[in-house]
Amino acid sequence: MTRGFARGRRLRSTPALRRLTAQTRLAPADLVLPVFVKEGIDEPVPIGSMPGVVQHTTDSLRKAAHEAAEAGVGGLILFGIPGEGKKDASGSQADAADGVVNVALQQLSADLDDELVLVADLCLCEYTDHGHCGLVTPARGGVRGQGGELVVDNDPTLDRYASVAVAQAQAGAHVIAPSGMMDGQVAAIRAGLDGAGYTETPVLAYAAKYASGFYGPFREAAEGAPRFGDRSTYQMDPPNADEALREVAQDLAEGADAVMVKPALPYLDVVARVADAVHVPVAAYQVSGEYAMVEAAAARGWVDRRRAVLETLTAIRRAGAGTVLTYWAVEAARWLR
Ligand code: PBG
């Protein structure tokens with residue numbers, strides 16, 4: 001029957017042919033490892049919902065960073081958790097020079113030279129006592145926001161973000177990645193960086209970040225769960241895709257150098273559309289819940305862990321993301337070498 005027809009199977013018949021004809025390749029340098037560093041702990045603290053992931057001490061982070069560099073990973077993205085009693089309404093530890101993430105950035109940039117790109121996640125939720133990504137204010141004008149009578153106040157938050165960006169750049173961050181989903185955040189951060197002389201520090205915008213149920217484990221890791229309400233007045237609504245293109249266009253107009261879609265697997269259509277629409281680097285964040293799902297199934301023997309991990313990463317690259325943020329970055333990089 002198939003004689004004389006194009007046959008899909010011809011090019012699948014040996015591993016060498018499959019390798020030669022693979023359209024999507026994954027390389028260690030495509031991967032960015034998210035890391036958590038916490039102030040005031042003596043030992044790394046495991047995160048129950050993310051087996052294999054820990055809250056680092058500054059020392060254990062330095063070691064982990066060396067391992068990541070050795071594995072050929074492209075970069076790290078840092079999240080800081082202030083010590084007990086140090087969270088406040090404005091998230092002051094985010095831009096304190098001796099705040100944990102800024103200390104870690106100083107150490108890593110000195111240790112590593114240029115072996116890894118150090119990306120600083122820029123948000124306030126790990127630093128505020130209310131757990132929201134911006135400053136909160138009493139609701140007015142009939143606006144109902146995060147529950148109770150408080151809403152996240154966009155414009156005053158922008159000034160905070162600009163200040164945090166400068167502190168992070170000063171501490172040694174190579175890239176600033178705002179994840180708070182405030183309107184105008186890229187412009188505010190760009191102006192802040194330029195005003196402080198950091199004209200060469202790029203901004204990787206979390207441009208299309210959805211209000212996702214897949215962030216659950218992260219909130220344990222970063223201790224940044226909102227104390228009231230949720231993030232659905234600032235993060236994007238899952239049904240929307242055209243809106244992602246508007247957010248991306250807006251961030252690029254404000255000066256973003258690269259854009260991110262987050263989460264990854266449930267939003268591969270968005271990754272693909274964004275990658276088609278723009279000519280800047282596109283990143284996708286494979287979030288904590290995506291990690292936890294595969295780990296949980298693999299722990300029960302329900303999926304083959306390595307195959308499942310590499311398949312998800314390949315899918316995200318195939319959809320069009322050049323860079324993938326993943327908690328498996330180091331392990332996957334070793335597999336790929
Ligand atoms: C904070 C932030 C979140 C994540 C990255 N930055 C959580 C949130 O928005 O609630 C999630 C990452 C993950 O789940 O792995 N703005």
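**Core, helix packing and cavities**

L78 touches V35, L61, V101, A104, L105, L108, L118, V119, A120 and D121, with residues up to four places away in sequence left out of the list. The model in which these contacts occur is predicted. L78 also belongs to the largest nonpolar core, which comprises 106 residues.

**Nonpolar core**

- Within the largest nonpolar core, the residues that touch the most other members are F36, L76, L78 and Y285.
- The partners of L78 beyond four places in sequence include V101, A104, L105 and L108, and also L118, V119, A120 and D121.

**Packing of α8 against α10**

- Two packed helices are described by the angle between their axes and the distance between the axes.
- For helix α8 (residues 268-277) and helix α10 (residues 305-319), the axes cross at roughly 35 degrees and come within 8 Å.
- On the α8 side the contact is formed by L268, V271, A272 and A275, which meet A315, I316 and A319 of α10.
- The residues of this contact comprise 7 nonpolar, no polar and no charged.
- L268 lies in helix α8 and touches A315, I316 and A319, when residues up to four places away in sequence are not counted.
- The C-alpha atoms of L268 and A284 are 9.0 Å apart in space, and these two residues are 16 apart in sequence.

**Largest cavity**

- The structure contains 2 cavities of 30 Å³ or more.
- The lining of the largest cavity divides by class into 10 nonpolar, 3 polar and 6 charged residues.

**Second largest cavity**

- The second largest cavity holds about 70 Å³ of space.
- It is lined by M181, M182, D183, G184, Q185, V186, Y206, A207, E247, Q250, D251 and E254.
- At least two lining residues come from each of α5 (185-195), β9 and α7 (242-253).
- Helix α7 gives the most to the lining of this second cavity, with 3 residues.
- By class, the lining of the second largest cavity consists of 5 nonpolar, 3 polar and 4 charged residues.

Technical notes:
Residues are numbered from 1 along each chain as its sequence is written. This is a predicted model: local features need pLDDT of at least 70, side-chain atom pairs count only at pLDDT 80 or more; totals for chains, interfaces and linings use all residues. Side-chain values use heavy atoms; hydrogens and water are left out. On a 1 Å grid over the protein atoms alone, a cavity is a set of points where a 1.4 Å probe fits but cannot get out, and a pocket is an open set with protein on both sides within 12 Å along at least five of seven lines; lining residues have an atom within 4 Å of a point. Grid points are joined across faces, edges and corners, and a volume is the space filled by probe spheres set on the points. Ala, Val, Leu, Ile, Met, Phe, Trp, Tyr, Cys and Pro count as nonpolar, Asp, Glu, Lys and Arg as charged, and the others, Gly among them, as polar. Helices (H or I, at least four residues) and strands (E, at least two) are DSSP runs, numbered from the N terminus. A nonpolar core is a set of buried Ala, Val, Leu, Ile, Met, Phe, Trp, Tyr and Cys residues joined through side-chain atoms within 4.5 Å. Buried means under 20% relative accessible area, exposed over 50%, partly exposed in between (1.4 Å probe, protein chains only). Contact means heavy atoms within 4.5 Å. Axes are lines fitted to C-alpha atoms, for helices over the stretch in contact, and angles run from 0 to 180 degrees between N-to-C directions.
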